[in-house]
Amino acid sequence: GRPHFLFTSLNTLSGLIGSDDDKAQIYLHQLASTYRYIMQNRRLVELSEELKCVDSYCEMMMIRYGDNIHFERDIDSRYLHYQIIPISIQLLIENALKHNVVSSRHPLTINLSTTASDAFRVSNVICNKQEADSGFGLGLANLAKRYQLLCDSDISISDRDGIFAVDIPLLDPQHKIKFSL
């Protein structure tokens, strides 16, 4: 959840202060803009706006994990005005970090892409952590429920050939929200 994200972010920031003040400044700036975005509490946002928050979050993760994490993007610009539930991409990146080893021996590459079937995909090669992480799938289950309630759409989760991928629907700008949550 959010308190855990804030706690680990402040821990990372604490480690940077005094050892790399330039990075600490960048990290703090990205943390502030990520939190501002989280606090807006809107039902849907344009993908272009969500990606600005994702950029801040990815930059924080690259400061935190260094060369042990990589992000690859293949985003079709025709989807930039489509809508998405806010923080959903960040949640999927957090999910990948939570369940996979991120080390110099096993760097993690997270792919962010749009698909021909009007979805946004977050995928990675699976390198499971040895210890089972508690709360497996809770974040994904909540995200699935929100898409179902709000948009009458399903997220799709696949675990094939060593690749874990989650597709979340991109809603065209005319999409009507079903319920107010």
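Helix axes here are lines fitted to C-alpha atoms over the stretch in contact, and the angle between two of them runs from 0 to 180 degrees between N-to-C directions. Helices (H or I, at least four residues) and strands (E, at least two) are DSSP runs, numbered from the N terminus. This is a predicted model, in which local features need pLDDT of at least 70 and side-chain atom pairs count only at pLDDT 80 or more, while totals for chains, interfaces and linings use all residues. Residues are numbered from 1 along each chain as its sequence is written, and side-chain values use heavy atoms, with hydrogens and water left out.

With that in hand, look at helix α2 (residues 21–39) and α3: their axes come within 9 Å and cross at roughly 145°. The crossing is left-handed (the near helix is turned anticlockwise from the far one by less than a right angle; clockwise would be right-handed). On the α2 side, the contact (heavy atoms within 4.5 Å) is made by Lys23, Ile26, Tyr27, Gln30, Leu31, Ser33, Thr34 and Tyr37. Their partners in α3 include Glu49, Cys53, Tyr57 and Ile63. By class, this contact of α2 with α3 has 8 nonpolar, 4 polar and 5 charged residues. Here Ala, Val, Leu, Ile, Met, Phe, Trp, Tyr, Cys and Pro count as nonpolar, Asp, Glu, Lys and Arg as charged, and the others, Gly among them, as polar.

By class, the contact of α3 with α4 has 11 nonpolar, 2 polar and 2 charged residues.

## The whole chain

Stepping back, the chain has 5 helices and 7 strands, in the order α-α-β-α-β-β-α-β-β-α-β-β. The C-alpha trace spans about 50 × 35 × 30 Å along its principal axes. Of the 181 residues, 42% count as buried (under 20% relative accessible area; exposed is over 50%, and partly exposed lies in between, with a 1.4 Å probe and protein chains only). Among contacts between residues at least 6 apart in sequence, 73% join residues at least 24 apart.

## Residues worth a visit

Most residues other than glycine have a negative phi. Ile87 has a positive phi of about 70°. Ile87 sits in the loop between β3 (83–84) and α4, and is buried, with a relative accessible area of 11%. Asp152 also has a positive phi, near 55°, and is found in the loop between α5 (138–151) and β6 (156–160).

Which residues does Asn95 touch, leaving aside its neighbours within four places in sequence? Asn95 is in contact with Leu140 and Phe164. Asn95 lies in helix α4 and counts as buried at 12% relative accessibility. Pro169, in strand β7 (residues 163–169), is buried at 12% relative accessibility. Beyond its neighbours within four places in sequence, Pro169 has contacts that include Gln83, Asp118 and Tyr147.
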